Amino acid sequence: MAVALRQRSTMAHHPNSGSVASALRQERFQLSARGASVALARHRVRSRVLEWGFQEDLCESAELVMSELFTNALVHTGSEQILCVLRAHERRMLYIEVADQGGGPAVPTPREAGLEDECGRGLALVRALADAWGDRPGVNGGRVVWAQMSVTTGR
């Protein structure tokens, strides 16, 4: 069973604003790189995003994005642990990132899946649901893949 090793939820004021209304909320959690952890990551996103006051449609999209990013880190890297971060600015923007420990391809690359293919649509889904997405080098050779979603992108 996957166990959350590190959990933290914070709420801090955005540096450009002194009001609670524009507070930045953040949740960080780390799960073992196992198939069962995908469901745990989705559940964590659902509970936190709803708690932060986002609408159901954005919550569902965020769950799917987390699921795809986590699954890619699980399948395409040699990671033992996967770090997930959620950040929310007000109830307008949600930022999701998944950091692996490395061992996979240099950069995540969307591909065209054929009609009969069972895999290969994850990053296309992320691209369709997010305002922006990308990747950057992580710590110690890993990779961080992120997606940014606004209230208007929830499907």
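This is a predicted model: local features need pLDDT of at least 70, side-chain atom pairs count only at pLDDT 80 or more; totals for chains, interfaces and linings use all residues.
Residues are numbered from 1 along each chain as its sequence is written, and side-chain values use heavy atoms, with hydrogens and water left out. Local features need pLDDT of at least 70 and side-chain atom pairs count only at pLDDT 80 or more, while totals for chains, interfaces and linings use all residues.

Let's start with the charges. Searching the whole structure turns up 8 salt bridges (a side-chain nitrogen of Lys or Arg within 4 Å of a carboxyl oxygen of Asp or Glu). In one of them, Glu27 pairs with Arg44, with the closest N and O atoms 2.6 Å apart. Glu27 sits in strand β2 (residues 23-32) and Arg44 in helix α1 (residues 35-51), so the bridge ties together parts 17 residues apart in sequence (helices, H or I, of at least four residues and strands, E, of at least two are DSSP runs, numbered from the N terminus). Glu27 is buried at 1% relative accessible area, and Arg44 counts as buried too, at 14% (buried is under 20%, exposed over 50%, partly exposed in between, using a 1.4 Å probe and protein chains only). Glu27 and Arg44 also belong to a salt-bridge network with Arg48 and Glu51.

Next, look at Glu97 and Arg136, whose side chains meet in a salt bridge at 3.1 Å, N to O. This pair links distant parts of the chain, strand β4 and strand β5 (residues 132-137), 39 residues apart. Glu97 is buried at 7%, whereas Arg136 is partly exposed at 34%.

Glu90 and Arg92 form another salt bridge, at 2.5 Å between the closest N and O atoms. Here Glu90 is buried at 13%, but Arg92 is exposed at 54%.
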